[in-house]
Structure formats: C-alpha cells, structure tokens
Amino acid sequence: MKKLLILGAGTAGTMMANKMRKQLARDEWDITIVDQYKTHYYQPGFLFIPFGMYTKNDVIKPKSDFFPVGVNVIYSKIDKIVADKNQVLLDEGVVLQYDYMIIATGTRTAPEEVDGLKGNLWYKDIFDFYTIEGAVALAKYFKTWQGGELVINIAELPYKCPVAPLEFAFFADAFFTERGMRDKVNITYVTPLPGAFTKPRATKMLGELLEQKNINIIPDFNIMEVNNEEKKIIDYGGKEIPFDCLVSIPTNMGDDMIERSGLGDDMNFVLTDKFTLRQKDHENIFVLGDAANIPTSKAGSVAHFAAEILEENLMCAIEGRPLTAKFDGHANCYIETGYGKGTLIDFNYDTEPLPGSFPFPGLGPFGLLKVTRTNHYGKLMFRWIYWHILLKGKEMPIDSEMQMAGKKL
Amino acid sequence: MDKLIAGVNVSVNEEGYMTDSSQWTKEVAAAIAAEEGIELTDKHYELIEFVRNKVANGETLTIRGIGKSGVVSAKEFYGLFPGAPLKKATKISGVPKPTSCI
C-alpha cells in the first residue's frame, strides 16, 4: 500500500482528505490525517462572538463529522518531519512513513512576540478575537464596558483573514451605536500598512468607510511594546497611543514543528512554490492553506481555491506527469460593514480588488466593492456552505481561477 | 526613466527606486540617502549590504527579519532610517520597494 499523509485537519487538511479519498483507489492508497485537536472551529464566526451575534456553540463541531470513510485519523501532536527519510515523528514516539505528504498545519496567533502584550492586562483590558478564548472573553467584557478609547491594532504582517480587523471596527461602531453609547467610545484603527488595506482601490473604498463611521486610522505603525501600567502601545519610531480597551491582532506564525523540521521561513511558514504549491526542496511534499509562505491572503477561501489546484498537481506527481495546474493566488472575502450590510472583494496575485458584480457578470447577486444587504446575507449563508459543501470537498459554482468578467477596470 | 545621481545616469521608477540593482554604488547610495535627509555611516552600509544580499537571494525583507539579522535590532533600524525604515533602506540599497502582502 502507498501512503498519503495529511498533517493538520483544519479547513485545508479536511478538504484534501475528502478530495483525495475520492481520487485514490482504496486498495492502493492509505490516507492518514493527523491533528492534535478534536474540535473543528468555524473561524470566520469568531468575529461575531464579541458582539453577541454568535455564541461558542455556533462555531464548533467535532472534526470527525467531516472526515470521509476510509481515512485513518490520528489525534496527536507532531514532533517533527524528517523529510529526507519521508518520515513524520509524532509525540509519544510513533513514526509515520509517507510516499506523499500534504502540510496543512495552518497558522496560530503568537501574542508572546510583542513585549507586554501578554502581560497583566491580557484578557482584562487587552483581547484578541482570533481565538475562541479571546472572542468569548471580549464578548463578556463588552457587556459591561463603560466606553473609552477602543484601539484595534495589527501587530505584524501577514495575518489571517486580512479584512477581519476592519470588520471588527465596523461592527464595533454599529454595536456601540445601537447601545446608545457611541459618543463614549472613540475607535482607533492602528495598522502597519500605509492605509486601510494593501491595494489602491480597496484601500480608498475601505478608508472612506472608516471615515464615514468616525473611526480614526493610524497607518505605518509597527508595534514595539505594550505598556500595561500606562495603558498605551508604542511603536519602534516612538509613537504612543493610549487605550482603555486594546483589541490586538497578534503576530501570526506557522506551527513550531515547521521550525523543528527546518522547512520554513523566519515565521515558520513552509517554503512553498506559489504556483505549483509544492514544497521548495522536496518533490513529494505539498502545502495548502495558511501554513504556506505564498504571497496571498491567509484565508479559507484561498485554501479552497488552492485545493483544486493541489488536487490536480498531486495527481500529476503521483502519476509521474509534469505539474499542470497553476495557482493564481485567488482570494474572495465578504466584509461585514455593520447594520446588516456588507461588501465583497475578489482578487489574486496580479489583480487588485476591483468594483463589479460576482459571481455572475452584470447579474451578481453580489456587488464587488459596494456596500449591500445581499453581501451580508452572502456571509451569513457561507457558514452553512462551509459546513456542508466546502469542508466535504464538494464542487462550488465558483471558479478556482479568478475571473475578470464582471469586473470594471 | 533615468536620473542623474552622484554624477551617473541611474534608471529609477516613478517613486525613485532603482530598477537596475547593478548600477548601485556607495556614492549613489549616499546621494539617495541625502535626498532622504540621512547621512550614511558604517552601520548604514553594513545594513545595506545585508539588505542587498537578502534581495539577491530572493528572500523577503521584513522588519522582523532585519531585527533578527544580527546587524541591528528593530529599534536601531528605526534609528538609522527614521519614519519608514523598510522603504528608505530599500531605496538607498538600490533594491525594489518591498510589497506588503496580506
């Protein structure tokens, strides 16, 4: 029997287990998936928790609900990959051998990377919302918060779901307005980027939206430390911003195991070819999702589009053919803007987010770089699609390659 | 387009970043630095060498990476190139402006 090993059973790993079990004959290929946790989190839902729109129960299901029949599942921590021997060492001394491997170990928040972030005020006046613990703690905090300086800070690039901090700011504006205390809350968005987003048109559109909602933006801020005593954040240039409540998007890093295995960059993201999705130094290792160092957004939509490319290229490799599929960096993000409305961006390595309609040119129903009610419903519907279609690796009516039709230059 | 820097014609883009890294010399660097209001010291040149090597190897430049370079700490890096260190350092080093990717 030949062996396909998948490390990580999050969005990317689970999709690939489903896709490859359909592709590979059961009597020729063993498929094994390894993860240390048994719970699958619907991570896009974390954003809704601080504002009481979702609870913890809305975003969790057992991982085992989403594995296909005929896949071996091992719940264990991974010690390291020994790529030269085609081996993976698990904790407790188990050794797994593979013919082909997919690394899908994702990214984690690393608040310890910024001095003072995980200090005395952590989960008292300083929160993150990229973990279930942080999102739930913040929900509890907001219920009784009397207002003051609400500072949203992105520590460092790259970070998961690049629009989520903006959505958080928009939601906060609506939330405190609806509670009749917006005049007591000053919202400041502090980012290392030169503006609200990276590319010109989306930056302009989202920057104007921040302005309309009376949210201050402080760009080009690279945080050096958090001063817990004086409640302020300080950047390397000496700029200081006081806060009463700090919502931090901490540094994102790949799994520590990647560092131990010598396969990653200085943030533990796996060195990956951005077109083929193959690991840079090993022909039988492929990488999917946030774990890769490819220059696109770290988001489920990217993993979904890349999964189709990876499926094709992995089959090429297994059958000894040249890799024919080429990933274009396609990302697609619904952006909640508050008050039951949302916007949408669609882009890739080369094309910035443009205005237009999606997915059907001229028809929509979704509007690109427009604030509409339908876009908001798209985001809400997505949770159902995620659990029932996406994770199971089923076909969706959206091309993996970004389409120019429907976009206006 | 070409720009006369330190007495030589150097090709640059509209933001003033050099488009041909091989045209870089210490004199060109000093002239670009002067435009940015920076006087280059040995420490600057040490860092410039690190930056040029990194880019020549196809590696991405980050403030974190420079802070871990052993040449300077992130804070010292800000001291050498005040305000926007990565943008200024790359411009003076004759390499492309780093693209931020999220």
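A search of the whole structure finds one cavity of 30 Å³ or more. On a 1 Å grid over the protein atoms alone, a cavity is a set of points where a 1.4 Å probe fits but cannot get out, and lining residues have an atom within 4 Å of a point. Grid points are joined across faces, edges and corners, and a volume is the space filled by probe spheres set on the points. The model is predicted: local features need pLDDT of at least 70 and side-chain atom pairs count only at pLDDT 80 or more, whereas totals for chains, interfaces and linings use all residues. Residues are numbered from 1 along each chain as its sequence is written, chains are lettered from A and ligands numbered from 1 in the order in which they are written, and side-chain values use heavy atoms, with hydrogens and water left out.

The largest cavity holds about 110 Å³ of space. Its lining comprises 14 residues, and A:G289, A:D290, A:I294, A:S297 and A:V302 lie nearest the centre. Helix α6 (residues 300-318) of chain A supplies the largest share of this lining, three residues; helices (H or I, at least four residues) and strands (E, at least two) are DSSP runs, numbered from the N terminus. By class, the lining has nine nonpolar, three polar and two charged residues. Here Ala, Val, Leu, Ile, Met, Phe, Trp, Tyr, Cys and Pro count as nonpolar, Asp, Glu, Lys and Arg as charged, and the others, Gly among them, as polar.

The interface between the chains comes next. In chain A, 22 residues are in contact with 12 residues of chain B, contact meaning heavy atoms within 4.5 Å. The two chains bury about 1,400 Å² between them, 59% of it on carbon and sulfur atoms. On the side of chain A, A:T198, A:Y236 and A:D266 lose the most area to chain B, together 36% of what that side buries. Buried area is the accessible area (1.4 Å probe) that two parts lose on being put together, summed over both.

Three salt bridges are counted between chain A and chain B, a salt bridge being a side-chain nitrogen of Lys or Arg within 4 Å of a carboxyl oxygen of Asp or Glu. The side chains of A:E113 and B:R64 meet in a salt bridge, at 3.0 Å from N to O. The side of chain A that touches chain B has 12 nonpolar, six polar and four charged residues.

Over all chains, the count of salt bridges comes to 23. One salt bridge joins the side chains of A:D35 and A:K63 (3.7 Å, N to O). This pair links distant parts of the chain, 28 residues apart: A:D35 is in strand β2 (residues 29-35), and A:K63 in the loop between β4 (60-62) and β5 (72-75) of chain A.

Some backbone features remain. A cis peptide bond joins A:F358 and A:P359, with omega about -10°, and A:P359 lies in strand β23 (residues 356-360) of chain A. The peptide bond from A:G364 to A:P365 is also cis, with omega near 10°.

Notes
1 Å grid on protein atoms, 1.4 Å probe; cavity = no way out; pocket = protein on both sides within 12 Å on 5 of 7 lines; lining within 4 Å.
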